[in-house]
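Subject: Structure handover

Hi,

Here is the structure we discussed. Please open it alongside the notes.

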Amino acid sequence: MQGDFAINNISGTVRGSAIQGRNFFGDISINHVFDSPERNNNSDASDLSVAVPEGMLEHQIRGRGELLVELTTVVDTVGGRVVLYGAGGSGKSTVAWAVARAASTRRTVWWVDATSRDSLVAGLLEVAVQAGAPRAEAREVWRNGESAKDLLWQTLHSPATQPWLLVVDNADEPDLLAGWIREPTGGNTVLVTSRDQRTGTWGRSALVRTMLPISDTDGAAILTELAPEAGSDDEAQCLAGRLGGLPLALMLVGRYLARTSTDPVLPESRTPRSFGEYKAALDAAFPDAISSLPHSYDGQRLSHTWELSLDLLESQGITAARPLLRLIAFFRPNPLPITVVKTSIMKRAVALFPDLDTARLEAAVHGLIGFGLLRRNRTSADHRSAEAFVLHPLIGEITRNQPDAIEHAALYQTLRITLLCNSAAELDSDDPATWTSWRLLLPHCTFTDADTMHAHGDEVLLHSNLAYRAAKFAWSAGLWAAAEEHYNSSLGFRARLVHSTHPDIIATRHNLASLKRDQGRFLDAEAEFRDIARIANETLGPDHPNTLATRHELARVLRDQGKHEATEREFSKLVPHMTRVLGPEHPHTLAARHELARSLRDRGQLDAARSVFEKLSAITTRVLGADSPLTLATRHELADVLLRQGESAAAQTEFGIILAVEIRTLGPEHPSTLVTRSGLARALMGQAEFDAAETEIRDILAAWSRAGAGDHPHALSTRGDLGNLLMIRGDNVDAETEYRHVLSAMVRAVGSDHPETFTARTNVALILERRGKNADAETELRHLLTTMVRHLGTEHSDTISTHHQLADLLTRSGRYAPAEVELRQIVAVETRVLGADHADTLTTQSEAAAIRLIQGNAAAALAEFSGLVTRMDQVLGADDERTLAARINLAYACQLVGEVAAAMSELRHVLLVCQRTAGVDQSLVNTAQSMMRQLAQGN
């Protein structure tokens, strides 16, 4: 059939005759036929087109604007060799096509397919001819194997050749280009697209650009352009994110939905017809959703795109590349620490990696990175860095669903957990130096039910151990939600192996309860600790360290709930018990002593607490080190005591020292660091450095918010500080807003009867009074007082303090009768609790007598003050300002009942004491002198 050019689907270059047969099956095509007589008689004829392809793009190019501008500028000016590389489907050919189309109006453009040696050589022959080489001469050179490469470049470099751009597409085997692609001159350009980005492949003179995924916004624009009826922009953006910004995937899904979104909907049809439905299909049945997509313009299926790269690597003898990519695909779609991939462990999986050694593994890694299937990523934090592999999520998901990967899924999952456990065991979760690596490892420590359904025995134990280590790191790093997830996971795995009272179960539950305490979930933590303490006491005995540790944590959570007396009782028993069993300087004993000192501070015994904290700080520094968590915690409590004692500068210095260590070891946004920063901000407020304090407070609140813990009790306490600062500055409206938010959030977080909630409600009442809303302020204080009486009792110091605040508010409001009623009730309570001659009782009684005097009941006030001042002299001292104020009130009562001489005597006594005493409030002196002048004038 010589001379008959009917076409079958054949591909390749044929030397000799082309024969047409009937019933050929499969994809077969012929690029070139040299030996037909008719063809040979026509020296200008060619079967092969090297023109820029038509119909290659169905949508606008998105997300490549800057790259296109750069490449077009290079082509139009300096020229040279340009290489675009990236994984299959990343849009290399699309960008090259756009550059070629733009250049075609100003220069000759050729497009050569380099998928095979035959297509490359045949295409370059046509380029040489079109550039000016005689076709007969070129064919002869090509046929006889002469210096075809030299002829090509002699022609391209000829002064007679017009400016040109040569695109060499799909050059995934760079060795095929050897000698064929050289450095162009005269401002001309060779633009190569390739999957191969291995170091040294393209030389130093080439301009190399990597094709990365496009943004979700740009991906959504492609989808909505191709399938405008398939849903909203937001739905398209969600789907684009699910597809990972891969242009090929976006184009194929867009084409698919362009058809299905406008097709008739048949009964019982489950075909995805919208962006949302296709995303749901990917999530529910990924393989089916991918297999339903059409082929690309060049006949590729999305599911096979990256397998071509693996085929090529295998042909080069890199046989470990495919199973390595499969293995990495079974990890989470997050950067995977390079340290996880260990030959010594992987080679045990002989069915997956036969004959694996370090050299073969390195070759596989090099190949996968070189073909864009993996990327290297370096993560840096706190002056530390770690390297990781990055696998595109969509490539990973398609790889995981290849038939051989599905067949060996259990083996890959077992190898995954083994590698992760090995890496986790090498990282001390308490050492901040390991946290950069841990942050990379943590996402991979989460497993779905499908991941572990095959696991039994030792593998279940590996899962439990990994989850436990991951939880410890997350807890140490302040990642509380992740820590809780992994502790629960560890418990679930461990429960499949051992009884609920097994020590490992108890230890994990203990840590989980402590975590709940840190999260501010105090009631949950208390219930858990009580149950753990019961089990530990029964199974381990009262002297076991774990039993003692649980009692310690239970007492701490009682303190967190404001149960200070119960806390002090427990630690008063626990410290001697731990001292006897563990020793006086055991870390657990020192921690218990620390908590006992906190109880002293909570009860207002600041001098005693300060003394204990100072001694304890020296011991913990010597025994545990200056940077140990307990040493830092003790110094923090000491700084807090200094602040309460009014020594703001000293407190600032102490907080600053602690903060420097915590920022270095934990980072600036670790919860412990944020608490210290809050203390520092309060110290700044104590020194009237309000601008610096506000900046720090707002930064702290932003950090809590970023951590998703804006309503944690510590965060709310800091927000209360912001309210205090705003009130100091007179910004009462904003202060009230802050106080009310803190109050409502505290009620939700810790309940209405927690000390922090009491403080928040007190602040609300205070700001209401500042704003002249005295009735509302009274309502808040009475509500608070009722709650405190119910929770703490009338005789608790905090209840008495709130009762005083209510009486003071009534006094300032001019409501003297109810104010006196409240004060008389307080006197009765203080007499029972403290005694009739206690300083606080005498002070309150003096205030009540003064209110009686203001109301005009001078005789009764005179009788009360007459007996009161003598007792105040004995208890408080004659020179105490409270005693002096009571004598002035006594003098006024004498004046009102006409006992002028007695009044003058009291006033002279007051002035004489003031003269002998340094630092007396001048207002007392002025009042006494003014009253004496009035009495003198009256006489």
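Predicted model: local features only at pLDDT ≥ 70, side-chain atom pairs only at ≥ 80, totals over all residues.

Numbering runs from 1 along each chain as its sequence is written, and side-chain values use heavy atoms, without hydrogens and water.

Cores first. A nonpolar core is a set of buried Ala, Val, Leu, Ile, Met, Phe, Trp, Tyr and Cys residues joined through side-chain atoms within 4.5 Å; buried means under 20% relative accessible area (1.4 Å probe, protein chains only). The largest core has 101 residues, and Tyr278, Leu302, Leu324 and Met346 have the most contacts inside it. Helix H9 (residues 247-260) supplies the largest share, 8 residues. A second, separate core has 39 residues, including Ile532 and Leu701.

Now the helices (DSSP runs of H or I, at least four residues, numbered from the N terminus). Axes are lines fitted to C-alpha atoms over the stretch in contact, with angles from 0 to 180 degrees between N-to-C directions.

H36 (residues 774-792) packs on H37 (residues 797-812) at about 160°, axes 9 Å apart. That makes the pair roughly antiparallel (over 145 degrees). Their contact (heavy atoms within 4.5 Å) includes Leu781 and Leu785 in H36 and Leu806 and Leu809 in H37.

H31 (residues 671-686) and H33 (residues 713-728) cross at roughly 15°, with axes within 10 Å. They are therefore roughly parallel (under 35 degrees). Arg682 of H31 and Asp721 of H33 are among the contact residues.

Best wishes

Key:
Helix = DSSP H or I, 4+ residues; strand = E, 2+ residues; numbered from the N terminus. Parallel < 35°, antiparallel > 145°, perpendicular 65-115°, else oblique. Buried < 20%, exposed > 50% of the residue type's maximum accessible area, 1.4 Å probe, protein only.
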